[in-house]
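Okay, everyone, thanks for coming.

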Amino acid sequence: MVGCPPTGLTSAEVMERTTAGKVNVVLDTPARTTWDIVRANVVTRFNILVGILLAVVLVVVREPRDALFGIVLVSNAAIGIVQELRAKATLDRLTLLTAPTATVTRDGRRQEVSVEALVEGDIIALVSGDQVPVDGPVLMGRGLEVDESLLTGESESVFKQPGDVCLSGSFVVAGSGWFRAERVGNEAYAAVLTREAKQFTLVRSELRKGIDWFLGGVSWAVAPVIALLVWSQYRLGFGYKEALGSAVAGAIGMIPQGLVLLTSLAFAVGVIRLGRRNVLVQELSALEGLARVDTVCFDKTGTLTQGVLAVKEAVWLGDIDPGPALAALAAAEPVPNATLRAIGDRFGETPAWTPDGAIPFSSARKWSAASFHESGTWVLGAPEIVAPNDPSVAERSRAYARSGLRVLLLAWTDQPLNGDRLARRLRPSAIITLGDRVRPDAAETLRFFAAQGVRAKVVSGDHPDTVAAIARDVGVPNSGDVVDARRLPEDPAAFAEIVERTTVFGRVTPHQKQAIVHALQSRGHVVAMTGDGVNDVLALKDADIGIAIGGGSAAARSVAQLVLIDGEFNRLPNVVAEGRRVIANIELVANLFVTKTVYAIFLALAVGLTAQPFPLLPRHLTLVGSITIGVPAFFLALAPNSQRARLGFTRRVLAFALPTGLAAGLATWAAYQLAIDDGVTLGEARTTAMLVLSAIGIFALGIVSRPLTPWKKTLIGSMVALLVLALVSTSAQEFFELALPRPVVLMAAIGVVAITGTVMIFVLRAVGWIKKVPIYLHDHPPTVNGAWRMSRNRLIQAWNSEAVGSLIDRYRAWRRSR
């Protein structure tokens, strides 16, 4: 350790500056608090809607049997809160990786203090391995070498001389020294960058946007529908409790509550699966985000590479093996820098040479040397300094340098060391090239993204040639297309044009990384950003998906939605696979839940406008929803599914839900009216309506479950069995208030179901939701009548014919032109 400066702050000065607020306390952090997580999962449009209706049932109607839907409210909030609190706890544990203390000189003596207790003007010691806690100028040092890659993206370490500024967040990789704290707390460089990313930003989610759109429409409709239903029930002579109960039945059926719960559950299961692979997901929707990404921006240092120098090649220039000399030079330096450590790692065991003297590396000299009794003097340094007059060495060195490698020359002489003077008669012995050590899984991950049609861009603060070389090593397509970010235009349109067509960027500042993300988003791209340093924070925050390396800076981990805890890039394909499974399955079950919303709105309006008793009790809707949607949707949402993510979630769901929901509502209302006209009791009429709605719901379940694999057929069969069990069980009949009508009414209901199912199939094909009539209609005819079976099959064949398909295509084209 270099000698201690003669003076430092006194205790009185420390107290005065602490009182004045000149202390190293960062007030604003981007991490989410526990309250932020709880509030985000509790105060939602869905919870407010369902909570109000639950309060009405429990407080006003006082019928707990009709409040079963409240379970969904509590479960949905609990899943989100528990999962995101677990992610926060993991992130907090990772934060402990940064150094918590610093060595300062105060009152003329050295002492350890917490990093948060540093004040402006403190004299702080730096030794190899320390993280620089604040900004300030170097006062004195010996071979002080600092790695600023987390701040600038520059992979090469920087030698610090007295007067040079050390930046907070950088690491000492060699040497030692003292520096004075000049900018502390929120004024430090790392804190300034982090403060610009003040808060954790939620993922832009098409699923969440679509579900919020559905909920938004329902929320506007709930109040007038409730008012209409209460008014209509009063006209029929019901008391306020019965009227409110019917109104809640209509309103709660309108809200796709199970869809919200299953979305959270499907994401949570995916998060747990990824957690077992050391991928921390801070927000559930992040799974969807990466599956939709079409462009990934990779930082180089610490991301594509390990942030560790490695010897790439040692080219002999003579007959003597340079390995022992290189190992001896690395061992002769008491505090080796990153370059010498890489050389020592590569060339192994140190020879038993007796050192006569050594000269440490200096950024001013650009060489180091050591003299050994057995082998003479060896010099290691920049080729243009060690052998300035050797054209062959110069030419080969320039060729290596152009490929982005760091080049050193090893030379030998029989002359002894002569202070800081470079010895004469140096004989070149070997050219050593060094470069960043590429992550072993980087190339495989990039190949995966390329196969999925995802473009890769490399964005780094390092030299453009160095960045391009790494990009070539890991197999980035078009890696020869390189731009020096210092030459990028200021005009936003020209900037976006260059960013769109360029693959590799070097010398990129933190704000330029952020601008590159914005430029890609302005061109309609869904962008992921990977990074590990403070210099990546702004881009990580504004990207659609931020992916941080677990061993990187705490600021990067705080703003990212995904954290690769062990830094293994081969985890990303697993994230994409989980995201695809969730997106495809949630869209599948959303068709069922939004169908329920459509038929519930239809029934509510029909009841309100005709002033008739509501055809279903809240518990009837719970039974129907559980059998036709809730239980099967649980299994469908968690099933394997590798379908690629597509845009247009809301449009596709409405294309199914509107015709299917209207058909289900019309059929239910028709069966209810037929039962009423036949003179059955209100309970029997409601049971008839419940049976028709259940049958059509199971039919719709079969459509969305295609292809009908054996386990899906078993699932649908089990739902039919549950419905039958509810009808024959005495306890279920009493709980759900079920009463079977006369056989003639049941036969009429079967006819309504058959007609509605046939119409549904043809309408769904007409709107383009399905291409052909489902094959199970061929395999499982609804009747044993041979003539009807033959006629029906001919009708299906005609509908699937090219002629009918051509007519439908013309109709769609005409509709689009209108």
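What you're looking at is a predicted model, so local features need a pLDDT of at least 70, side-chain atom pairs count only at pLDDT 80 or more, and totals for chains, interfaces and linings use all residues. Residues are numbered from 1 along each chain as its sequence is written, and side-chain values use heavy atoms, with hydrogens and water left out.

The protein has 31 helices and 21 strands. Of its 818 residues, 53% are buried. Buried here means under 20% relative accessible area, exposed means over 50%, and partly exposed is in between, with a 1.4 Å probe and protein chains only. Now contacts, meaning heavy atoms within 4.5 Å. If you take the contacts with a separation of 6 or more, 74% of them are between residues 24 or more positions apart.

How confident is the predictor? The score is pLDDT, given for each residue from 0 to 100. The average for the protein is 80, and 84% of the residues score at least 70. There are stretches to be careful with, though. Residues 197-201 have a pLDDT below 50, and in the model that stretch makes 22 contacts beyond near neighbours in sequence. The pLDDT is also below 50 over residues 773-788, where the model has 27 such contacts.

Now the inside. I'll talk about nonpolar cores: sets of buried Ala, Val, Leu, Ile, Met, Phe, Trp, Tyr and Cys residues joined through side-chain atoms within 4.5 Å. The largest one has 128 residues, and the members that touch the most others are Ile255, Leu290, Leu562 and Met690. Helix H22, residues 572-610, supplies the largest share of this core, with 19 residues. Leaving out residues up to four places away in sequence, Met690 touches Leu616, His620, Leu623, Val624, Leu723, Leu727 and Leu738. Another core, of 27 residues, lies apart from the largest one, and its members include Phe505 and Val527.

Next, some strands. On one side of the pairing story, E13 goes with strand E12, residues 367-372, antiparallel and over six bridges. For strands to count as paired, DSSP has to find at least two bridges between them. A hairpin of three residues connects E12 to E13, and Ser368 sits opposite Leu380 in E13. E13 also runs antiparallel to strand E14, residues 406-413, with five bridges between them. There, Val379 has Ala411 in E14 as its bridge partner.

What about disulfides? I'm counting pairs of cysteine sulfur atoms within 2.5 Å, and the structure has zero of them. Two cysteines to look up are Cys166, buried at 0% relative accessible area, and Cys297, buried at 1%.

The Lys541 side chain makes a polar contact with the side chain of Asp542, at 3.4 Å. By polar contact I mean N or O atoms within 3.5 Å; within protein, one must be able to donate a hydrogen and the other to accept it, and residues adjacent in sequence count only if both atoms are side-chain atoms.

Last stop, the backbone. Arg706 and Pro707 are joined by a cis peptide bond, with omega about -5°. Pro707 is in the loop between helix H25 (682-704) and helix H26 (710-728). Then there's Asp107, which isn't a glycine but has a positive phi, near 55°. Asp107 is in the loop between strand E1 (101-106) and strand E2 (109-114), and it is partly exposed at 40%. Asn278 isn't a glycine either, and its phi is positive at about 65°. You'll find Asn278 in the loop between helix H9 (257-275) and strand E8 (279-281), partly exposed at 31%.

That's my tour, thanks!

Conventions:
Helix = DSSP H or I, 4+ residues; strand = E, 2+ residues; numbered from the N terminus. pLDDT = per-residue confidence, 0-100.
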